[in-house]
Structures are given as structure tokens and as C-alpha cells.
Amino acid sequence: MLTGLRLAEPPASERDAFPFAIPALRGLGPMSIRGPVTFFAGENGSGKSTLLEAIAIAVNLPTVGSREVGADDSLASQRKLARCLTAVWDRKTHRGFFLRAEDLLGFIGRLDGIVAEMQARLAEIEREYRGRSELARRLAMGPVAATLGSIRARYGDDLDANSHGETFLHVFRERFVPGGLHLIDEPEAALSPQSELAFVSMMADVVNEGGQLIIATHSPVLMAVPGATIYSFDESPLREVAYEDLEGVRLMKDFLQAPERYMRHLWRKSAAEPDS
């Protein structure tokens with residue numbers, strides 16, 4: 001299990017540039033990762049996803065997305081951060097995955113590409129082995145057919161037929177690894193409130209199987225998980241906070257108690273109201 005992170009001082013030439021200039025990361029000392037569930041909370045641009053991506057690169061986790069994080073051109077700055085990160089383990093693992101909910105469609109496209117490649121190879125073998133024995137043809141097709149069958153057994157024939165939320169939950173369920181490290185960026189982007197609760201149940205399965213989750217999120221539903229550690233990236237440097245002290249949680253509670261109070265100020269004039 002990952003138990004902590006240490007951030008080394010970046011080169012002087014990069015100290016005032018992204019990502020090292022992010023306020024939450026400035027002056028960051030050793031960071032403790034306690035327990036099986038950790039949340040990174042904060043506003044957009046606060047650095048929570050940036051650090052999560054850097055951790056994925058530093059510990060070399062497989063990516064559930066269109067491209068592996070180590071080969072993604074958009075993550076050049078995160079790779080710089082990763083080079084300054086040292087992961088502290090009590091039991092090191094490369095099992096698990098990194099998943100960005102916003103890139104789930106990219107992962108489906110990646111799977112579709114693999115399936116198309118396998119199908120083309122099977123057709124090619126059919127042509128190559130025409131006129132040869134059935135045994136020889138089956139032996140040649142075996143590894144390719146096994147790979148194709150494994151993908152279909154795991155993900156089904158058509159993930160595109162599902163909603164975004166259904167696909168997210170299906171992929172997560174199929175990919176989670178007992179004892180593995182699972183880094184997930186803003187899962188709520190794919191999930192309805194009901195699906196968020198279903199995801200919490202799946203998170204419990206991960207923990208019960210000895211796995212670990214680090215999740216960057218805005219969701220008050222997910223962050224209510226009992227015993228979770230929450231780091232606020234709205235602080236400089238980031239620090240651990242209690243659930244009830246999160247600004248987003250306080251705002252949501254306040255809004256749900258009296259939504260009309262907010263709407264009086266925000267929805268000053270309905271488009272449906274005629275001009276007076």
C-alpha cells in the first residue's frame with residue numbers, strides 16, 4: 001500500500017512555472033497517505049488532478065484511457081512533477097490502474113481499435129491457411145481468438161451501447177485488482193447521484209479486497225466515505241481537512257436547505273417571464 005509521498009525541490013529554472021507554481025504544491029512537505037481511501041478535493045485548477053496524474057506516472061500504473069500517461073503529450077508538465085516525486089510504500093505494487101472519467105470514451109475507442117485489429121488478423125490467417133489442414137489453421141488462430149474472446153468476456157460486445165455512467169461502472173468493476181492501487185480522476189463526471197452511490201459500494205469491494213483508492217473529486221457524496229482521508233488543494237500548501245470543513249460540502253448543504261435563497265440572487269429573471 002502507498003503510505004506517503006515526498007516532493008523534492010524542483011530545478012531553480014522550473015520553480016516558478018507550472019506545475020511547481022501551483023499554490024497547493026508550493027512548500028509541500030512529506031505527504032502522508034493514510035488508510036485505503038484518500039480524496040483530493042479542490043476547485044478547478046487547484047492542482048488535484050495534476051498531482052494525481054504525476055503519481056500515476058511516478059508509480060507506472062496502467063492507464064484506462066486513450067493513451068498511457070507516460071506517452072500522453074498533454075502530460076509533459078506532470079512528468080516533470082513525477083520526476084520530483086518519491087512514493088513511500090509499506091508494500092509496493094504496480095497492480096491497479098489510473099482512470100480519468102473524462103477519457104473513458106478514449107478507452108472505448110482504444111478497445112475498439114484492438115478488437116478491429118484482432119478481427120483483421122483472423123481474416124488474414126483465414127486467407128494464409130486456405131488449403132491447409134484445419135488443425136494448422138486453428139493453431140494459428142488460437143492466440144488471436146483467445147485475446148479477442150478475453151476482451152469480449154471482460155467488456156462485452158458493445159460498450160458504446162451503454163450510458164457513460166453504466167460504462168464507467170462496468171469498466172471499473174472489470175478492471176479493479178485485489179491489493180492494487182487505483183487512481184481515479186473526477187469519477188462524478190460520468191455518474192448520476194444514484195450511480196455515485198453504486199460506485200461507493202464498488203469502492204467498498206476494493207477496500208475489502210485489500211486495494212487502495214486515491215480519487216480527485218468535487219463530489220460530497222463520494223467524500224462522505226467513512227474513514228477516508230481528505231486533502232484540500234484550496235489550501236497553500238495543501239492540507240488534510242475534515243469532511244464537514246470542506247467549502248463544497250458546506251455550500252451544498254446550505255443550498256439544499258434553501259435553494260430558493262440562492263436562486264433569488266442567481267436567477268434574477270427567467271427567460272419564460274415576459275418583459276414588464
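Visitor: Which residue's side chain meets that of Glu-186 in a salt bridge?
Guide: The partner is Lys-48, with an N to O distance of 3.6 Å. The model is a predicted one, and this value is computed from it.

Visitor: Is Lys-48 buried or exposed?
Guide: Lys-48 counts as buried because its relative accessibility is 3%, and the limit for that class is under 20%. Glu-186 is partly exposed, at 22%.

Visitor: What is the phi of Glu-186?
Guide: Phi is near 50° there, a positive value in a residue other than glycine. The loop that holds Glu-186 runs between strand 7 (181-185) and helix 6 (193-208).

Visitor: And what about Asn-60, what is its phi?
Guide: Asn-60 has a positive phi of about 60°, although it is not a glycine. Its place is the loop between helix 1 (48-59) and strand 4 (63-64).

Visitor: Is Asn-60 buried or exposed?
Guide: Asn-60 counts as exposed, because its relative accessibility is 57% and the class begins at over 50%.

Visitor: Back to salt bridges. How many are found in the whole structure?
Guide: A search of the whole structure gives 14. One of them joins the side chains of Glu-240 and Arg-34, at 2.3 Å from N to O.

Visitor: Which parts does the pair of Glu-240 and Arg-34 tie together?
Guide: Glu-240 lies in strand 10 and Arg-34 in the loop between strand 2 and strand 3 (37-41), so the pair ties together parts that are 206 residues apart in sequence.

Visitor: How accessible are Glu-240 and Arg-34?
Guide: Glu-240 has a relative accessibility of 37% and counts as partly exposed. Arg-34 also counts as partly exposed, at 42%.

Visitor: What about Arg-138 and Glu-134, where are they?
Guide: Both are in helix 4 (residues 134-155); because they are four residues apart there, about one helical turn separates them.

Visitor: Which residues are linked with them in a network of salt bridges?
Guide: The network links Glu-126 and Arg-137 with Glu-134 and Arg-138. As for accessibility, Arg-138 is exposed, with a relative accessible area of 57%, whereas Glu-134 is partly exposed at 37%.

Visitor: Changing topic: how much space lies in the largest pocket?
Guide: The largest pocket holds about 260 Å³ of space. Of the 18 residues that line it, Gly-42, Asp-234, Leu-246, Glu-247 and Gly-248 are the closest to its centre.

Visitor: Which helix gives the most to that lining?
Guide: Helix 7 gives the most, with five residues. Strand 10 (239-241) and helix 7 (247-257) each supply at least two residues of the lining.

Visitor: What is the lining of the largest pocket like by class?
Guide: It has seven charged, six nonpolar and five polar residues.

Visitor: Now the backbone. Which peptide bond has an omega near 5°?
Guide: That is the bond from Phe-18 to Pro-19, and it is cis. Pro-19 lies in the loop between strand 1 (2-7) and strand 2 (31-32).

Visitor: And which one has an omega near -5°?
Guide: The peptide bond from Ser-236 to Pro-237 has that value, and it too is cis. Pro-237 is located in the loop between strand 9 (229-232) and strand 10.

Visitor: Last one: which residues make the nonpolar surface patch of about 360 Å²?
Guide: The patch is made by Met-263, Leu-266 and Trp-267. Met-263 is in helix 8 (residues 259-266).

Visitor: Why does Met-263 count as partly exposed?
Guide: Met-263 counts as partly exposed because its relative accessibility is 38%, and that class lies between the limits of 20% and 50%.

Definitions and conventions
Residues numbered from 1 in each chain as written. Predicted model: local features only at pLDDT ≥ 70, side-chain atom pairs only at ≥ 80, totals over all residues. Heavy atoms only, no water. Patch = residues over 30% accessible without salt bridge, like charges linked within 9 Å, V, L, I, M, F, W, Y side chains within 5 Å. Areas by Shrake-Rupley, 256 points an atom, 1.4 Å probe, with all protein chains shown as cover. Salt bridge = Lys/Arg side-chain N within 4 Å of Asp/Glu carboxyl O. Buried < 20%, exposed > 50% of the residue type's maximum accessible area, 1.4 Å probe, protein only. 1 Å grid on protein atoms, 1.4 Å probe; cavity = no way out; pocket = protein on both sides within 12 Å on 5 of 7 lines; lining within 4 Å. Points joined across faces, edges and corners; volume = space filled by probe spheres on them. Nonpolar A, V, L, I, M, F, W, Y, C, P; charged D, E, K, R; others polar.
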